[in-house]
Amino acid sequence: TGCFTVEPQTGSVPPRWTSTVKVTYTPSGTKLTEDEELIMKVTDGPYRTLNCKAILSEVKCEFNNPNVDFGTMCVNERRPMNTTLMNKLNKNFAVFSVDLSTLPEGLEISPLRDRIPPDEGVKFEMYYCNSKSVKLENKEIKVNLRGSQPAIMMISAETIVPKVNIKEEDFNFGEVTFGNTETLTMTLVNDSMIDVMLTLDLRENEHDPESEAFSKLEIRYMGDAEGEEDQVLEEKDLDDMAKPEFKAIKDMNQDEFGDESEVEEQGEKEQQHSDGSRFFIIKLKKKKSYEFELRFSPKLQKPYRFLLPIALAGFERGDKMEGLRRMVTCQGITTKLIMEPMNGEVIFEKKIITSMDAVIPQHASITFTNSHTTKPLHFRIDNSSIEKKDIFTVIPTHGTIDPQVPVTIKVSFKPTGNEKYEDELPLYLEDESKAYTTIRLRGEGAYPKLLFDRREVIMPDRKSTRLNSSH
């Protein structure tokens with residue numbers, strides 16, 4: 001039961017025969033010299049003794065940094081640190097083994113056992129990650145050494161639940177015609193004394209029916225991205241999700257579709273995957289606020305209601321952070337009016353102004369079609385912003401659109417100077433007080449310019465020749 005063991009421990013030896021047993025020595029870890037008396041019991045014969053003795057080489061090891069402080073961290077953040085265990089003697093190898101019973105929850109250390117050559121060291125790589133709010137102060141980690149007292153390392157770390165919240169109570173996009181887009185502002189506030197990492201997962205998952213609405217949501221950082229030391233909003237590739245900072249993410253399998261509408265939905269999913277992973281990392285500096293633009297574009301005529309899929313990195317949405325639990329609602333409605341172009345944007349080519357008295361206007365058109373099959377539709381375009389400028393002209397500005405009978409709106413552009421022009425005209429339907437959509441007009445005027453193809457012309461040298469005449 002001591003440091004020396006015999007194998008096999010039982011057996012029989014034939015007459016005039018010998019049998020070999022193996023004696024194994026396992027150091028207790030602290031003594032340089034150890035001995036033990038083993039007794040062999042013989043049936044119907046006298047007992048025999050075997051004196052075993054082991055002499056170990058002297059070992060002396062020290063950590064170059066015995067106090068490792070991970071600092072204050074966010075829960076589920078995985079932070080690396082390292083230190084080196086040095087063999088201080090120049091003759092003998094040092095054999096060590098980490099005492100696993102002394103390791104606190106959340107601490108990973110490598111290697112757990114090894115040999116250190118004379119006058120050299122072994123680098124310990126450590127990671128600390130804890131999903132709970134915990135504070136470690138000088139937690140003792142033992143590294144057992146063969147033939148010496150254990151080397152001691154002290155670990156300190158603190159994990160906290162950060163104070164992060166969304167300023168807005170909810171995100172109600174109201175009634176939005178499917179195919180159109182509505183925007184709202186989201187303000188993230190980090191009141192913590194540490195930096196925080198959040199995840200926003202806008203991917204569609206076939207195992208989560210609610211995630212179908214995520215593909216209709218877009219996000220954009222409204223701050224000065226170039227002025228930030230680190231990128232605030234970053235779309236992560238799925239290949240990066242295998243990194244320790246995040247939980248493993250399974251690849252999504254798409255089912256085969258039958259009817260035409262489902263085929264269209266499949267096409268949208270494939271387009272989303274080709275455009276990006278739609279898995280976003282949001283990095284918030286301590287004691288700072290950030291503004292983001294949320295854009296929602298319903299694809300069906302139905303109500304949308306879901307919990308914003310934002311969470312502290314490493315957690316599911318809604319876990320730990322009540323301040324991040326925000327509902328997103330929207331009512332997708334059928335379009336009343338079909339416009340061509342669909343985005344309601346008219347862009348004129350650059351107009352060269354050769355004479356202020358004879359500027360010939362450019363013309364374009366927008367087509368309105370009433371999607372209703374029996375009911376006429378009244379419209380009104382608010383052109384008050386362009387009446388006095390006399391740059392853009394829109395005719396007509398009001399009228400009635402009969403079912404399935406298109407109405408053409410003529411738009412003219414007549415610039416007066418060397419500049420860019422932009423205007424937005426609200427379009428109202430029936431007697432509604434809220435604009436149905438906006439018509440955007442863009443154009444640019446320019447004066448004619450004459451440019452040479454080069455800044456200078458270098459003429460070749462010409463030598464003059466004098467002719468002498470003889471008389």
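Strands β30 and β32 run antiparallel to each other and pair over four bridges. Strand β32 spans residues 407-413. Across this pair, Phe 392 stands opposite Phe 413 in β32. The model discussed here is predicted.

**The sheet around this pair**

β30 and β32 belong to an open sheet of four strands. Its order is β25-β28-β32-β30, with antiparallel pairing. Two strands form the edges: β25 (337-340) and β30 (392-395). Each edge strand pairs on one side only. From one strand to the next, the twist averages 20 degrees. In general, the strands of a sheet pair through backbone hydrogen bonds, in a parallel or antiparallel sense.

**The chain as a whole**

The chain contains two helices and 34 strands. It has 471 residues, and 35% of them are buried. Its accessible surface comes to about 30200 Å². Carbon and sulfur atoms hold 47% of that surface. Among contacts in the chain with a separation of 6 or more, 69% link residues 24 or more positions apart.

**Val 98**

Val 98 lies in strand β8, which covers residues 94-98. Val 98 counts as buried because its relative accessibility is 4%, under the 20% cut-off. Which residues is Val 98 in contact with, leaving aside its neighbours within four places in sequence? They are Leu 103, Ile 109, Pro 111, Leu 112, Phe 124, Lys 142 and Val 143. Ala 151 sits 53 residues away from Val 98 along the chain. The C-alpha atoms of Val 98 and Ala 151 are separated by 9.4 Å.

**Ser 215**

Is Ser 215 buried or exposed? Ser 215 is buried, because its relative accessible area of 7% falls under 20%. The side chain of Ser 215 has two partners listed below, Glu 204 and Glu 212. With Glu 204, the polar contact is between side chains. With Glu 212, the side chain of Ser 215 reaches a backbone oxygen.

| Ser 215 side chain to | Distance |
|---|---|
| Glu 204, side chain | 3.4 Å |
| Glu 212, backbone oxygen | 3.0 Å |

**Two buried residues in brief**

Val 98 is a buried residue of strand β8.

Conventions: Residues are numbered from 1 along each chain as its sequence is written. This is a predicted model: local features need pLDDT of at least 70, side-chain atom pairs count only at pLDDT 80 or more; totals for chains, interfaces and linings use all residues. Side-chain values use heavy atoms; hydrogens and water are left out. Buried means under 20% relative accessible area, exposed over 50%, partly exposed in between (1.4 Å probe, protein chains only). Contact means heavy atoms within 4.5 Å. Two strands pair if DSSP finds at least two bridges between them. Axes are lines fitted to C-alpha atoms, for helices over the stretch in contact, and angles run from 0 to 180 degrees between N-to-C directions. Accessible areas come from the Shrake-Rupley method with a 1.4 Å probe; for residues, only the protein chains shown count as cover. A polar contact is a pair of N or O atoms within 3.5 Å; within protein, one must be able to donate a hydrogen and the other to accept it, and residues adjacent in sequence count only if both atoms are side-chain atoms.
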